[in-house]
Amino acid sequence: MRYTLALIAVLALLAAGCGGGGSKKSSSGGGGGNSNVKGSVTMIAVWTGAEQAAFQAVLNGFKSKYPSVKVTYQAQKDPASFLSTAVEGGKPPDLAALPAPGIIKGFVGRGLKPLDFAKSTISANYAPGWLNAGTFDGKLYGLFFKGANKSTVWYNVKAFKDAGVTPPKTWDDLLKDAKTLKASGVDAYSIGGSDGWTLTDLFENIYLRQAGPDMYDKLTQHQIKWTDASVKQALTTMAQVIGDANNIPGGTSQALQTDFPTSVTQVFTSPPKAGMVFEGDFVAGVITSSTKAKAKTDFDVFDFPQIGSSSSDAVLGGGDGVVMFKDNPATEALIKYLASSDAQEIWAKRGGYTAPNKNVDPSVYPDAITRAAAQGIAKSGFRFDMSDQMPAAFGSDAEFSDLQNFLKNPKDVNGAAAQLEADAAKAFK
Amino acid sequence: MTSTPISAEPLPGAAAPHSAQQEKRRRTLSALAFVGPAVFFLLVWTVYPTIYTITRSFFGKSGFSSFVGIDNYKTLFSDHVIRTAIKNNFIWVVIVPFAVTFLGLIFAVLTERIRWATAFKVVVFAPLAISLFATGVMWRVMYQKDPSQGAINAAVKAVSDEFSKPGTLTGAQGSSPKLVPAHGGIQLNQTVQPGGTALLGLTAIPAPDVPAGAKQAVHPQPKSGAITGVVWRDFKPGGGTPGKVESQELGLPGVTVVLRDANDKKVQSAKTGADGSFAFDGVGSGSYHVAISKSTFAKGFAGINWLGGSLITLSMIIAYLWASAGFAMVVIGAGLASIPRDTLEAARTDGATEFQVFRRVTVPLLAPVLTVVLVTQVIGILKLFDIVYSIAPGSTINNATLLAYEMYRRSFLQNDFGLGSAVATFILVLVIPILVLRIRDFRREV
């Protein structure tokens, strides 16, 4: 009985809490001019801590333009799960930033409102790859506000110097440098195989360069099969790196247990366990927060090497896309604002941010490394991360385990391609 | 609870003819007042979600607009990952409740007999105070394969290195194709005659691993009646020319070099000097093989792959046992305390050994308590989620998965609430028989 009473008390508190949350009003205002736009907007995204402060600064910029709109931002550790539950329960926030187009697609037809009113602004300010990644069934649903350049390779400056190698420009140079690094006593490649997405990024960087952007778009839409010769060729190329088990710290079995943060830190510890790690511009944040390495003297970055006759425009990236569940002048004003270079420069100045808007002034970036990353994703050859664009059951799950199996057994290119195709076919059904 | 009389006698002064009826109404009202809130909350938080989930499981990804019949249940039994989850759940249910009960029983009996029993109890019970998620995170760190990161492999390494010492140049490789693996070491694939020289260049040696006191390597001078040579780190920045002794390339001192004759029989062995040079003097005519001994390259213990696909379930079970044994010990300990001492005494007086007392008297008397522990564990395991989520790395999650994890993954990670609900319903169906048993027991006790 005592417990029942306690339980009732707790539940009553919970109920009160829910009531409080539900009673928030969100009125929609009308009018055309800035001060005429009234109302309140709720938004969720993954940004916490310093990122939350930076985003709040961006929102303050909005507040000075639209003083009558109240924006309430709430950080969610896992916005996608939070949103699935909120949509399933019928009470989504007005705006949400989601980490992948594949996730956005999952909400199309479940209350998502098209952003076509902002289409002309976005196409004037963004590389076409960004627009395509946010478009589903001919309508624009996602505005990418925060970008990431994933065509970067981070290396230990001292390890490269000791081995006497320079950052490679081509794939062949990369393989040659890797051999030399090994001979110098440092394993070349750090592979974070416990997190499948590091493997999909590596594959996509290779595929985009080797098969070209058109084939890349087709594979993204599953218009060609994963058993296609181009996929097998890319897997064979990938195996030149991940199959070089002797050149990966602890070999394949260790690589399968190495998560992304460890794959970064083990390159920049002293002595280093590996010479380089393939991943996006966000690696810099991991290095500076978890190791003592300093930019340029201890760590540096080079562009993902070109393969064959690939274009140097080919850049892979990702980003957080803002979606809208309620269309009124206030939410539309905020969407347009977030797409503008004014808004994005506020965060770019603070660092730790790569703006997808190509008209953001490069001089606002605090350092050369982020500036270069931002210029990469503004290029016309930019393509959005393929796995992020595919249905989550494949691009964020089955493809991970398929490529992890390929890492385990890099000789079986045909088997890997067949398994990828089987899983992709299931998810695209 | 419902039959508790509020007031057995009519209040003084109440009119007699009305009292029976009034009494009845009051009883009903008070019963409702007591049961009402509980029923309300049960309806809102248990009955409604259950019905919702079961209904939802017959609909597809996009919500109640897409009726799919039993398709989600077909997927449930055809998807190979969910089938692994079902298989793993079966393994867990068969092994773990018995293991937990057995451990708990042993600890409970032990604590009755040892000194410092309270301290022992605290140690065994303490893990229960840690959330299962934290337990998982902790064990995941301890299970790391690299002995420099994982505590368990570090302990194994400390022991194993005592028996097989790792060599001085564990990761080294031959610098040119002329050097081939042989007898566990590295051997020059061309034979050498007396008066000849042997160049044994090694690479893949991290600079800090070069033994202290190493000097610039020197190209060996031929000497009649002897075989001379050098073992050196055949690397300088940029790589240099493999197989050629160049400036900036250091000799490797203290390496054991072995000379074998044409029949692969060991003839001599020598240690290299500070500049990596060695010499076999007084060698008879013939062809010889020169090799670096196996012990130089002997790898230390590389670590057991606790989190790999084949061991992951065992590793998770161990972590779970660590966390749950204390619970079983306390419940069974309470049961033990209530066993009538005179029964045990009687058995002992009749000449039963301690083991016989335990098997024939203690365990049967404890049976109801043991059942409680078993049943609680079975239910706990059917809904076990945190251990999988926190211990299994992404690369082996498909080997480690359990039903409750699949329920989470399908619903929240893959956004397929239909399939997730089907998994949830399946778990419910598995739990029902156990619940029925439990309720029957409960009734008997009341």
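In chain B, 33% of the 446 residues are buried. Please keep in mind that we are looking at a predicted model. Chain B contains 14 helices and 9 strands. What is its radius of gyration? The value is 36 Å, whereas the globule rule gives 22 Å for 446 residues, so chain B is more spread out than a compact globule. Along the principal axes, the C-alpha trace of chain B spans about 135 × 75 × 35 Å.

Let me turn to contacts inside this chain. Among the contacts in chain B with a separation of 6 or more, 71% join residues 24 or more positions apart.

Helix H3 of chain B covers residues 80-113, and helix H8 of chain B covers residues 312-337. Their axes lie 6 Å apart, and the packing angle is about 45°. An angle between 35 and 65 degrees counts as oblique, and H3(B) and H8(B) are therefore oblique to each other. The crossing of H3(B) past H8(B) is right-handed. Which residues make up this contact, by class? There are 17 nonpolar, 7 polar and 1 charged.

Finally, I come to the two chains together. Here 36 residues of chain A are in contact with 30 residues of chain B. On the chain A side, the elements that give two or more residues include helix H1 (2-22), helix H8 (171-184) and helix H19 (392-408). H19(A) provides the largest share, with 7 residues. By class, the side of chain A that touches chain B has 19 polar, 10 nonpolar and 7 charged residues.

Definitions and conventions. Residues are numbered from 1 along each chain as its sequence is written. Chains are lettered from A and ligands numbered from 1 in the order in which they are written. This is a predicted model: local features need pLDDT of at least 70, side-chain atom pairs count only at pLDDT 80 or more; totals for chains, interfaces and linings use all residues. Two residues are in contact if their C-beta atoms, placed from the backbone, lie within 7 Å. Helices (H or I, at least four residues) and strands (E, at least two) are DSSP runs, numbered from the N terminus. Ala, Val, Leu, Ile, Met, Phe, Trp, Tyr, Cys and Pro count as nonpolar, Asp, Glu, Lys and Arg as charged, and the others, Gly among them, as polar. The radius of gyration is taken over C-alpha atoms; the globule rule is 2.2 Å times the number of residues to the power 0.38. A residue is buried if 20 or more other C-beta atoms lie within 10 Å of its own, exposed if 12 or fewer, and partly exposed in between; C-beta atoms are placed from the backbone. Axes are lines fitted to C-alpha atoms, for helices over the stretch in contact, and angles run from 0 to 180 degrees between N-to-C directions. Angles under 35 degrees count as roughly parallel, over 145 as roughly antiparallel, 65 to 115 as roughly perpendicular and the rest as oblique. A crossing is left-handed if the near helix is turned anticlockwise from the far one by less than a right angle, and right-handed if clockwise.
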